[in-house]
2 protein chains.
Amino acid sequence: MKRVAIAGVGLIGGSFALALRRAGFDGEIRGVSSASTIAVAMEHRIIDGAMELEEASRWADVLFLAQPIRRILAMLPVIGASIGPSTLVTDAGSTKRAICEEAARVMPPEQFLGGHPMAGKESRGAASADPSLFRGRTWVITRESGHPLVDWLRRIGANLLVLDPETHDRTVAYTSHLPQLTSTALACTVDGADLRAGGPGLIDMTRLALSSYEMWEDILATNADAIDGALREEIARLESLRSGLRSGLREEFEKGAGMRKRLVRPVELG
Amino acid sequence: MKRVAIAGVGLIGGSFALALRRAGFDGEIRGVSSASTIAVAMEHRIIDGAMELEEASRWADVLFLAQPIRRILAMLPVIGASIGPSTLVTDAGSTKRAICEEAARVMPPEQFLGGHPMAGKESRGAASADPSLFRGRTWVITRESGHPLVDWLRRIGANLLVLDPETHDRTVAYTSHLPQLTSTALACTVDGADLRAGGPGLIDMTRLALSSYEMWEDILATNADAIDGALREEIARLESLRSGLRSGLREEFEKGAGMRKRLVRPVELG
């Protein structure tokens, strides 16, 4: 792996470039983005130069698509039409089924490896790029692969997790999409109350509500069935909390605390 | 205010003592607690000595009840029977209606000032006491008062907010109790999914699920009606997110983000 092209040099794409550099990657890194994004990325020394998508598809050993889902879906046919014989295309889309299906339609299966780095922060854009963004975070790939990229993902500190696209989407409906919608629903419900009586718990629980709808629109559209199921389950759980308000909720509190303890072990302690 | 007694020298009671000291309080601070708690509090130089409840009720200028709600409810009649003519009793209970009603039954109304410091952390006990715990945090009092205690609350950095007991309980059903139950419900719903696919959002959203049921049992029992209403509203909101999964949720995301921006202004920026 000597030539890396990154389509979408925002927070994820830019952090990937910086992380590669810090891990010792000494090949070339080119950005495929709008002129203004390229300017910011060059200014922050994130990329060595720019390139058009078609050229990058032929030139790169690895072409990393770090854009919103619908943009990735729109680019895949263009990439498929110009892809070089040894280019591996990978992506950072938050849902995997729609993207992997489209990739399978337009390029040889061994040339696409779906990916989902489970990292982020509220600030966006190349100016927020951070070489440590993926350290200790899960990076899902959609199949086993011996490509050198996979070694680089390990070297930048990601915890690799292989999940086929369907399993991935069903899983993140619970672990990522449900927390987002729950935060939004909570914020909307509490809106109107006297917020001076809001403490640190409410601040934590509504942080995700700040997320950009631009990103979430595509996620919801490409995983609606699984998300609907997760929402239905959570509503049933909230109804059961309602019925237990007077009889006691010890079991639910213990179950919830147990989940949180199991959660932080694999994620924070790597 | 020269003599302060603190019943329950745990995180809140201990932090109050340390905060008073750091703000320049040079009177005497006595603890009313079990022998083992007193020992920890003495070791950490949080209190000057111990006292029995009846004696403290006569002796103190301010008697601060920093215990679980049911414990406060049980102590109020004992305090009422032995209260001195110039003692002000205040408390840190997370709901206010039940406590203020019981206080009104057993002591002169001008001798009780309901309180609710909206601060905390996951670790408990005097060993976790922190003189900065209340800095920039809301401290609800249930009526206007010219008592010197109120000046000391300002001096330790709390943002005072006057809410009558009913308004307080209705408000915190949304700003505190609903976030707690939402976190517990989310954690229970996600339990069973592959937690390796959990990112920082899920970690944030389930932090409250670690809360101790011992404390929450009393809160739920003394504010069930208001909490039930808040849960019902949140469930309706989640149902409306379900119906919008395919048609789009821009309005809900914008409403939620707007609430969060308004929330952090008064709470974090003081």
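Figure 1. Chain A exposes about 10,600 Å², an accessible area from the Shrake-Rupley method with a 1.4 Å probe. Carbon and sulfur atoms supply 48% of that area. Of the 270 residues, 59% count as buried (under 20% relative accessible area, 1.4 Å probe, protein chains only).

**Figure 2. Fold of chain A.** The chain holds 11 helices and nine strands (DSSP runs: H or I of at least four residues for helices, E of at least two for strands). Its radius of gyration is 20 Å, close to the 18 Å of the globule rule for 270 residues, so chain A is as compact as a globular protein of that length; the radius is taken over C-alpha atoms, and the rule is 2.2 Å times the number of residues to the power 0.38. The C-alpha trace spans about 65 × 35 × 30 Å along its principal axes.

**Figure 3. Relation of chains A and B.** A rotation of 180° with 0.0 Å of shift along its axis superposes chain A on chain B, with an RMSD of 0.0 Å (least squares on C-alpha atoms of residues with pLDDT of at least 70 in both). This is the relation of a two-fold axis. Of the contact residues of chain A, 100% recur in chain B (contact: heavy atoms within 4.5 Å). Met205(A) is the residue of chain A that comes closest to the rotation axis, its C-alpha lying at 2.7 Å.

**Conventions.** Residues are numbered from 1 along each chain as its sequence is written, and chains are lettered from A in the order in which they are written. In this predicted model, local features need pLDDT of at least 70, side-chain atom pairs count only at pLDDT 80 or more, and totals for chains, interfaces and linings use all residues, while side-chain values use heavy atoms, without hydrogens and water.

How values were computed:
Buried means under 20% relative accessible area, exposed over 50%, partly exposed in between (1.4 Å probe, protein chains only).
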